[in-house]
Amino acid sequence: MSTIVAEPTPVAPTQRIALPQQSLSLLGVATALSACGGGGGGEADGPAAQPGLVPAPAPAPVQAPITDAAAARFLAQAGFDASMADISSVKSGGYAAWLEQQFAAGGSSSHVDWLLAKGYGAESFKHSLSGVDNSLWRKLLSSPDSLRQRVVMALSEIFVVSMTGLPVAWGNFAAAAYVDMLEQRAFGSFRDLLEGVTLSCGMGVYLNMRGNKKEDGKGSAPDENYAREVMQLFTIGLHELNLDGTPVLGVGGQPKESYTLADITELARVFTGWDFDGPSQTDPTFMRRPMSHNAGRFSSGAKRVLQVDIPATADGPTALKIALDTLANHPNVGPFIGRQLIQRLVCSHPSPAYVRRVAGVFNNNGRGQRGDMKAVIAAVLLDEDARNVGSAPSSGRLREPLQRFIQWGRSFGLSSPTELWNVGDTSNPATRLGQSPLRSPSVFNFFRPGYVPPNSQLGSNGITAPEFQLCNESTVAGYLNFMQGVVANGIGELKPVYTDELALAADAPALVDRVALRLAGDGLSAGTKATIATALATMKFDTEARQLSRVQAAVLLVMASPEYQVQK
């Protein structure tokens, strides 16, 4: 079989959404986001904990009844979209009950199983990435376990493996199996998640741990790539941290480094001897299995990592266990990982108090367990700072382009009649989203957690805003043009359904209220909604085609507004 990858559907003038003239000023406002800058950014120091188990203070209970807008806002943080049924469920049962249902929810078939079922295990696909984009979009746009999919998307942007760095046979299955592993371990323990990441074939290829071997006495030394990144990006960060994520200061008031070059060198020796477990020329499913150890390639002898001794008697698997235990138990992990989960789900610049509470739950879930990912995710989403709408300039986060597109697709019933989910690679910033799942340009993700937009009010106030690293003139215009096409026409064989919205087409204010509620919660001001409604009211709605055009214009104008794009 061949893979069909849909390019943006050409939209003739008569097919484009007939935007009213009054809406042009609103689209112009959206382009103001282009002042956000782009380019490189500093590393996140993230949060850090003091040694020991520190129980987190209980979040303040939410006493007031949950409104439609509050429920929709929660659903946009905990998943991607807010159906009226889910809004009703959250209102009646509460936030925690919805999370419990989602923690227990089943999903759709695994990525590897889907690739096999669709024929991508055939020899002709051995040296391609065919099918991975399709399966990723399938899950993100349709799988019923929306919380798990949202968390997996967050984890894939922290523990980065990119399809752009998998030059290996059956790279498509390496990528698929990696995301399956994140799904399987997303709600377990952080220690198990870290081991899954470390021994996955995808990460083994991406950061060179696969095939890493001992020094040969002739100048060859173990590869240090994974040893460096597992500390810098996946567990403890560059600097020692307090429980609230602020850096521990040392001599001269400078942040204290959390590890040394010697730690990298010693940890690289630990990470030797690992390779694929029984690679096959014809069966790609070995990519599902963790890498296995070859004792002949292991760097023997004593090692010392982060002040923990690994004895010379330890074989490869034992040395790995000691090293991963050391990393997972480091006091930095709770605040470092907790802060990034807050950033991915709730807000870009969390307060130290918010980080401290989440890190406390990481250290102790209330039952003496460290690194309970369910408890940490719940702490992030149920915290008072998450449930209360902030008014400070640092509150909220810019919705990343992927999140906006996925929310639109889920909100309006996007489905694939062919079951091939031919959305394709959406990385092109000029014609698509400037971002595509599992296609980060580097291990540093699409944006860095410590990024502060230069030449901006955020920058002047030192406010981290990671997603703004993707924001520039090209991506703002590209997003609007892409969404105008897909809102009107769908993408490839995937078509949206606006049945519920069409029932409100004759009442512009009611239509705007419904679309704004589902997409932005309480994020759009009365003035913005009135501006959109006034513009829509100038559009005729005397035919079904014109009614549809009015609905499409409402969706696009809401998604173009800065108040929607900045998720409070």
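## About the model

Because the model is predicted, local features need pLDDT of at least 70 and side-chain atom pairs count only at pLDDT 80 or more, while totals for chains, interfaces and linings use all residues. Residues are numbered from 1 along each chain as its sequence is written, and side-chain values use heavy atoms, with hydrogens and water left out.

## The nonpolar cores

Let's start inside. A nonpolar core is a set of buried Ala, Val, Leu, Ile, Met, Phe, Trp, Tyr and Cys residues joined through side-chain atoms within 4.5 Å; buried means under 20% relative accessible area, exposed over 50%, and partly exposed in between (1.4 Å probe, protein chains only). The largest core here has 113 residues, and those with the most contacts inside it are Leu147, Phe159, Phe190, Leu267 and Met287. Helix H8 (residues 171–185) gives the most to this core, with nine residues. Helices (H or I, at least four residues) and strands (E, at least two) are DSSP runs, numbered from the N terminus. Another core, of 54 residues, lies apart from this one and includes Met153, Ala505, Val551 and Ala554.

Which residues does Phe159 contact, leaving aside neighbours within four places in sequence? They are Tyr178, Phe190, Leu193, Val197, Met203, Phe234 and Ile337, where contact means heavy atoms within 4.5 Å.

## Aromatic rings

The structure holds 17 aromatic pairs. Rings of Phe, Tyr and Trp (its six-membered ring) pair if their centres lie within 6.5 Å; planes under 30 degrees apart count as stacked, over 60 as edge-to-face and the rest as tilted. The ring centres of Phe276 and Phe286 are 5.3 Å apart with planes at 55°, so this pair is tilted. Both residues, Phe276 and Phe286, are buried.

Phe412 and Tyr498 also form a tilted pair, at 5.1 Å centre to centre and 55° between the planes. Phe412 lies in the loop between H18 and H19 and Tyr498 in the loop between helix H20 (473–489) and helix H21 (499–502), so the pair ties together parts 86 residues apart in sequence.

## A buried threonine

Is Thr426 buried or exposed? Thr426 counts as buried because its relative accessibility is 0%. Thr426 is found in the loop between helix H18 (401–411) and helix H19 (457–460). Its side chain reaches the backbone oxygen of Gln435 at 2.6 Å. Not counting residues up to four places away in sequence, Thr426 touches Trp137, Leu402, Arg432, Leu433, Gly434, Gln435 and Ser436.

Note on methods
Polar contact = N/O pair within 3.5 Å; in protein donor to acceptor, adjacent residues only side chain to side chain.
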